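Hello,

Here is the structure I promised to pass on. Please open it next to this email and follow along.

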Amino acid sequence: MTKKIAVLAGDGIGPEIVAEAVNVLNALGESFELEHAPVGGAGYEASGHPLPEATLKLAKEADAVLFGAVGDWKYDTLDRPLRPEQAILGLRKNLGLFANLRPAILYPELAGASTLKPEVVSGLDILIIRELTGDIYFGQPRGVRECPDGPFKGEREGFDTMRYAESEVRRIGHVAFQAARKRNKKVCSVDKANVLETFQFWKDIMIEVGKEYPDVELSHMYVDNAAMQLVKNPKQFDVLVTGNMFGDILSDQASMLTGSIGMLPSASLDANNKGLYEPSHGSAPDIAGKGIANPLATILSAAMMLRYSLNMAAQADRIEAAVKKVLQQGLRTADIYEAGTTKVSTREMGAAVLSVL
Ligand SMILES: NC(=O)C1=CN([C@@H]2O[C@H](COP(=O)(O)OP(=O)(O)OC[C@H]3O[C@@H](n4cnc5c(N)ncnc54)[C@H](O)[C@@H]3O)[C@@H](O)[C@H]2O)C=CC1
Ligand SMILES: CC(C)CC(=O)C(=O)O
Ligand SMILES: [Mg+2]
């Protein structure tokens, strides 16, 4: 049966990198129905809203969503509901995409591209599981108000609400333990339980969920230490599970272990493995339009889409093997370039993947 894929390229480098992933999908010889729609700043320009109703409808109807990135500095003064980032937050919430899988894998050829010493990162294969629809990113109330009490009473204050419901922590816990079962059977839950009620609660629930998985080793780490350990000794980790904000930050950090944020794909899944697939990075306005963005995170996200949502593991393998091959050939976009390799553009990298598919 033809699978319908919603293609939401977005802003900045989004259209450049998504075009390469679409070429790869089209070259697989499968019958995909790809339908494009505007989102983010492009959605705002097209219809006055970053997540146009028709785009959301398409995303809901499709078997999977391939997403680029949203955002541009020029929209930063718009009212928050109209800012491009609301599109990806709205898609995650509306589609119930609570589980964000961000695998940080170092391809051996890129050991020298990482800013860390090769012996620290060689063989790295960790999975960051970020809760994606809760935490301080979605908690209410939030806003700017007159400070009601305390030493700053009467001044304006900005505030947000950090919160997690028990079922939200339980379900992401299960995702983490089940993923660990298929890997090295270790889960490290990252929290800030020494300071935050929300994350003491998170930790307590993780311990309860962990009892259902006696074959998986559960450890706990404060987020500040986790940030340090990811740089000191990242290979100590197997699966890291954490909240929305900590996971956002730690996954960008972990991307540098793999050579570049342009290498880090992601899957955002609901309870039935319906998903949205996007690179972990943003719209990179600083390099947009220059043809130099690394498309591999997006191409690898398309592979994750085939594996997790479309039940096409063999085709996912084909894409991942092709990515390995182009790296073995010494082809590098600017972000992963080092002396002795061949610098290529976004287009050339995409074409190289196609040629070895
Ligand atoms: N899911 C999404 O759509 C996300 C959107 N954003 C938005 O993106 C915009 C830019 O945010 P930044 O903080 O600059 O983060 P960013 O991830 O877009 O860029 C950070 C740095 O990494 C580089 N970079 C990112 N992707 C790259 C690639 N594929 N190849 C080579 N270099 C790459 C950029 O050039 C930049 O120097 C903002 O509007 C932000 O809100 C940020 C993160 C995720
Ligand atoms: C709009 C942001 C929450 C996007 C982001 O930084 C991410 O998903 O990594
Ligand atoms: Mg981020």
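Below are some notes on one strand and on a few annotated residues.

First, the ground rules. This is a predicted model, where local features need pLDDT of at least 70, side-chain atom pairs count only at pLDDT 80 or more, and totals for chains, interfaces and linings use all residues. Residues are numbered from 1 along each chain as its sequence is written, while chains are lettered from A and ligands numbered from 1 in the order in which they are written.

Start with strand S1, residues 3-10. Strands (E, at least two residues) and helices (H or I, at least four) are DSSP runs, numbered from the N terminus. In S1, 6 of the 8 residues are buried. Buried means 20 or more other C-beta atoms within 10 Å of the residue's own, exposed means 12 or fewer, and partly exposed is in between; C-beta atoms are placed from the backbone.

S1 runs parallel to S2 (residues 32-36), with 5 bridges between them. Two strands pair if DSSP finds at least two bridges. Lys3 sits opposite Phe32 of S2. S1 also runs parallel to S3 (residues 64-69), again through 5 bridges. Here Val7 faces Leu66.

Now the annotation. An unreviewed UniProt entry marks Asp224, Asp248 and Asp252 as "binding site". Such annotations may be inferred rather than shown by experiment; feature names are shortened and positions use the numbering here.

Asp224 is in helix H8 (residues 223-232). Asp224 counts as partly exposed because 13 other C-beta atoms lie within 10 Å. Asp252 belongs to helix H9 (residues 244-255). Asp252 has 15 such neighbours inside 10 Å, so it is partly exposed too.

Best wishes
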